[in-house]
Amino acid sequence: MSEADSAIDLTALYAMHGALRRELAQLDRVTATAGHDPRQVLATAAGWQLLKKALRAHQSAEDDALWPPLRHRLAGRPKDLAVLAVMEAEHAAIAPVVEAIDAALADPGADALRLGLLTDALTSGVAGHLDHEEDTVLPLARRVLTAEQGEHFGRVQTRRIGPDAPLLLPWLLDGADEPTVRRLLAPLPASTCAAYVARWAPAYALLDRWSAGTAS
């Protein structure tokens, strides 16, 4: 199948990548700002909770609904399969860093230096993975996956976000351009779109998500 034959739409994936990069920059800011203990901020900040939930939803959707069909389509192409294996290994390396950050936040004896080292590792690890994925795997996905397979991935990612949609949907669309917003809202039920416009987006706009005490 040529790239022209595949109409796979990766809008949702790229929107998530953009949102994750935005929040990683905020995480860097929180841990680098002088005059406060970043442990006290992150432990109760909505931003950290949202970042973790979105990262988990996105990576699990890729693990379950993007890598398997891609692996099937790349059968017999060992070099391309090796690239995919690297993606899976990078995913596996991220979760332990998130867990270590949460452990440091829960440990009264953990110092800010250790937390900073861990958040730096998370930021560089996730940012590097996103770049690597966009440079190596997504071009393959565009060439070999079908539109239906791309739509399936989008549905799975939406379902993983679902329980936290009142916050994660406006979080995902924060700063997105109008075509992206329209494209991502279009498949959703009318009731969800109405809730997003009338309640979820306005409430999210008032949330200072990287401040202490904002986590629910």
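What percentage of the 216 residues in the chain do buried residues make up? Buried residues account for 44%, where buried means under 20% relative accessible area, exposed over 50% and partly exposed in between, with a 1.4 Å probe and protein chains only.

A quick word before you click. This is a predicted model, in which local features need pLDDT of at least 70 and side-chain atom pairs count only at pLDDT 80 or more, while totals for chains, interfaces and linings use all residues. Residues are numbered from 1 along each chain as its sequence is written, and side-chain values use heavy atoms, leaving out hydrogens and water.

**Whole chain.** Show it as a cartoon: you'll find 10 helices and 0 strands (DSSP runs, H or I of at least four residues for helices, E of at least two for strands, numbered from the N terminus). The radius of gyration is 18 Å, close to the 17 Å from the globule rule for 216 residues, so the chain is as compact as a globular protein of that length. That radius is taken over C-alpha atoms, and the rule is 2.2 Å times the number of residues to the power 0.38.

**H3 and H6.** Now select residues 46–65 (helix H3) and 112–144 (helix H6): their axes come within 14 Å and cross at roughly 35°. Axes are lines fitted to C-alpha atoms, for helices over the stretch in contact, and angles run from 0 to 180 degrees between N-to-C directions. Next, show the side chains of Trp48, Leu55, His58, Gln59 and Glu62 on H3, and of Leu122, Val126, His129 and Glu133 on H6, which make the contact (heavy atoms within 4.5 Å).

**Leu184.** Last stop: select Leu184, in helix H9. Is Leu184 buried or exposed? Leu184 is buried, with a relative accessible area of 14%. Beyond its neighbours within four places in sequence, Leu184 is in contact with Thr11, Ala12, Ala15, Leu172 and Leu173.
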